[in-house]
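This briefing covers the pockets of one protein model and the packing of one of its helices. The sequence and structure come first, then the points by topic.

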Amino acid sequence: MKYKRLTKEQFEELHVEFSNFLATQSIDKKEWDTIKANKPEVAEQELDVFSDLIWEGVLKNTHYLEHFSKNHIFLFHCQEKLIQSIVLKSLDTTIDFMNKEGLQWLSDNMFTEQVEIHLGKKEYETLRNESIFKLITEGAILSDGQLYLQINGIIQS
């Protein structure tokens, strides 16, 4: 398996897509039930292959990620060959970016000595999708890029 198996909840959300996936292999519901009962290892393989297909599609279409922690915000722009980052760090350790008040504080203090801003970019060390997947497993979430673009626009102006 290249990534990780989808959760039960994710499979439930994608049950139509999974049915279509099985249908492309000429497996109907009756046959799927038989496979699950008599060849659980084959059923496990099918779940893994489907999970990897879904992850490939998601990762291929990922352009922005965000990772919030108590004193840091990591914003990533995932391009074809490299990833760009904006890291915001509060030097005031009492500030917590995980809540609304911390984000308001950041808005009010963005360009003061209380906030460090680091820009970076680097080429992917592994394949693009694998690098993005690693960031997700470390806590990053998919984003529409609005925060990255907003802060990048302010920094560039």
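Which elements each supply at least two residues of the lining of the second largest pocket? They are α5 (100-109) and α7 (146-156). The model is predicted, so local features need pLDDT of at least 70 and side-chain atom pairs pLDDT 80 or more, while totals for chains, interfaces and linings use all residues. Residues are numbered from 1 along each chain as its sequence is written, and side-chain values use heavy atoms, without hydrogens or water.

**Second largest pocket**
- A pocket is an open set of points on a 1 Å grid over the protein atoms alone, where a 1.4 Å probe fits, with protein on both sides within 12 Å along at least five of seven lines; lining residues have an atom within 4 Å of a point.
- The second largest pocket holds about 190 Å³, a volume being the space filled by probe spheres set on the points.
- Its lining includes I73, L88, M110 and F111.
- α7 gives the largest share of this lining, 4 residues.
- The lining has 9 nonpolar, 2 polar and no charged residues (nonpolar: Ala, Val, Leu, Ile, Met, Phe, Trp, Tyr, Cys and Pro; charged: Asp, Glu, Lys and Arg; polar: the others, Gly among them).

**Largest pocket**
- The largest pocket has a volume of about 310 Å³.
- It is lined by 15 residues, and I83, K122, E125, S131 and L135 are the closest to its centre.
- β3 (82-90), β4 (115-123) and α6 (128-137) give two or more residues each to this lining; helices (H or I, at least four residues) and strands (E, at least two) are DSSP runs, numbered from the N terminus.
- By class, the lining of the largest pocket has 4 nonpolar, 4 polar and 7 charged residues.

- Of the 10 residues of α6, 7 are buried (under 20% relative accessible area, with a 1.4 Å probe and protein chains only).
- The buried residues of α6 are R128, N129, S131, I132, F133, L135 and I136.
- Their cover includes α4, β1 (64-68), β2 (72-78), β3 and β5 (141-143).
- α4 (residues 40-60) packs on α6 at about 95°, with the axes 10 Å apart; the two helices are therefore roughly perpendicular (65 to 115 degrees, between N-to-C directions of lines fitted to C-alpha atoms over the stretch in contact).
- W55, E56, L59 and K60 of α4 meet R128, N129, I132, F133 and I136 of α6, contact being heavy atoms within 4.5 Å.
- After α6 comes G139, with a positive phi near 120°.

Conventions
Axes are lines fitted to C-alpha atoms, for helices over the stretch in contact, and angles run from 0 to 180 degrees between N-to-C directions. Angles under 35 degrees count as roughly parallel, over 145 as roughly antiparallel, 65 to 115 as roughly perpendicular and the rest as oblique. Buried means under 20% relative accessible area, exposed over 50%, partly exposed in between (1.4 Å probe, protein chains only).
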